[in-house]
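Morning, everyone. Let me put the structure up, and then we'll walk through it piece by piece.

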Amino acid sequence: MRYFENLHPVCIFVYFVAVIGLSLACFHPVMMLLSLAGAFLFLVCLKGGRGAGMQLWFGFSLFIFIAVANPLVNHRGVTLLGMFLNQWITLEAIAYGITSGLSLAALILWFGCYSEVMTSEKFLYLFGKIAPSSALLISMALQLVPKLSRQLTEIKESQDMLRSARKNLGGKLGTALRHTSTLVGWSLEGAVEKTDSMKARGYGLKRRTTFHLFHFDSRDFRFLCGVLMLSGVCVIARAFGHGHMEFY
């Protein structure tokens, strides 16, 4: 994936806008399976089989939940399969739930790929001059969950070295509250420090120049043309009714 990660941020952003947008627009079980398979292979190349498998397991859990819950709460459709708790179960509701679950699982994997490739540096390069405050806020929000996870791991390891954890329920609750309090304090302090640092460096000023290593070359041009051509064909086909299924 070194070739893809070294592409210009514009190319990477356009690619993910295309695949995520088409995954939302093409509500069809075959299209969702293709999107899910592509996202999973992308994650395998980025994070390896173990990392991709963990994210796939999370997406699979949501897929099972939606596929089971939809026919239980939605009774639309004309093909009746049976009764459950005095409610009709229809084939259309089952098919719609399966397709919705596949769509959500594919989007989760694609956003996982996006967070790995589209770093905050690339995002700020694209939108820092257009909307500096919003770009900084979005980049911080995208980094929030993995950053908090790393900080919580550091807090747990340091606390375990300082004192032994008690095994009873009260001890576990006290340890969890202490970890949470430390994490919140650390996060707030880091946010204040980052705000002061960005302000001191003149972030958001119109005349401020920035240093970057991104250069749009012929390789980026060829890749961008290929993505635009393929996505354009898909958009035209979708406009004529292909890649979509009506269940009800």
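Let's begin with a question: which residues in α2 meet which residues in α5? On the α2 side, they are Pro9, Val10, Ile12 and Phe13. On the α5 side, they are Lys122, Tyr125, Leu126 and Phe127. By class, that contact has seven nonpolar residues, no polar ones and one charged one.

Before I go on, please keep in mind that this is a predicted model.

Now the geometry of that pair. Helix α2 covers residues 9-25, and helix α5 covers residues 120-127. Their axes come within 10 Å and cross at roughly 95 degrees. An angle of 65 to 115 degrees counts as roughly perpendicular, so α2 and α5 are roughly perpendicular to each other.

Let me step back for the overall layout. The protein has 248 residues, and 31% of them count as buried. Its secondary structure comes to eight helices and two strands. Along the sequence, the pattern reads α-α-α-β-β-α-α-α-α-α. Now take the contacts with a separation of 6 or more. Residues 24 or more positions apart account for 72% of those.

Back to α2, with another partner. How do α2 and α4 pack, and at what angle? The angle is about 175 degrees, and the axes are 10 Å apart. Helix α4 is residues 91-117. Anything over 145 degrees counts as roughly antiparallel, so α2 is roughly antiparallel to α4.

Here is who meets whom. From α2 we have Ile12, Phe13, Tyr15, Phe16, Val19, Ile20, Ser23 and Leu24. From α4 we have Ser103, Leu107, Trp110, Phe111, Cys113, Tyr114 and Val117. The class count is 13 nonpolar, two polar and no charged residues. Ile12 and Phe13 are on the α2 list here, and they are also on the α2 list for α5.

Is leucine 7 buried or exposed? Leucine 7 is buried, with a relative accessible area of 1%. Leaving out residues up to four places away in sequence, leucine 7 touches Ile12, Arg219, Asp220 and Phe223. Look at phenylalanine 223 in particular. It lies 216 residues from leucine 7 along the chain, yet their C-alpha atoms are separated by 8.6 Å.

On to the strands. Strand β1 is residues 80-84, and strand β2 is residues 87-90. They run antiparallel, and four bridges join them. Glycine 82 stands opposite isoleucine 89 in β2. The hairpin has two residues between its strands. One detail there: leucine 85 takes a positive phi near 55 degrees.

Glutamine 87 belongs to β2. At 36% relative accessibility, glutamine 87 counts as partly exposed. It touches His75 and Gly82, again not counting residues up to four places away in sequence. Valine 73 is 14 residues from glutamine 87 along the chain, and their C-alpha atoms are separated by 8.8 Å.

Glutamine 55 is found in α3, which is residues 29-73. Is glutamine 55 buried or exposed? Buried, at a relative accessible area of 17%. The cut-off is under 20%, so glutamine 55 falls on the buried side at 17%. With residues up to four places away in sequence left out, glutamine 55 touches Leu43, Lys47, Ile108, Leu109 and Gly112.

Threonine 153 is in α6, residues 132-162. Its relative accessibility is 40%, so threonine 153 counts as partly exposed. Threonine 153 and leucine 183 are 30 residues apart in sequence, and 10.0 Å apart in space, C-alpha to C-alpha.

Last topic: the cysteines. One more note on cysteine 11: at 0% relative accessibility, it counts as buried.

That's the tour. Questions, please.

Technical notes. Residues are numbered from 1 along each chain as its sequence is written. This is a predicted model: local features need pLDDT of at least 70, side-chain atom pairs count only at pLDDT 80 or more; totals for chains, interfaces and linings use all residues. Side-chain values use heavy atoms; hydrogens and water are left out. Buried means under 20% relative accessible area, exposed over 50%, partly exposed in between (1.4 Å probe, protein chains only). Two strands pair if DSSP finds at least two bridges between them. Axes are lines fitted to C-alpha atoms, for helices over the stretch in contact, and angles run from 0 to 180 degrees between N-to-C directions. Angles under 35 degrees count as roughly parallel, over 145 as roughly antiparallel, 65 to 115 as roughly perpendicular and the rest as oblique. Contact means heavy atoms within 4.5 Å. Ala, Val, Leu, Ile, Met, Phe, Trp, Tyr, Cys and Pro count as nonpolar, Asp, Glu, Lys and Arg as charged, and the others, Gly among them, as polar.
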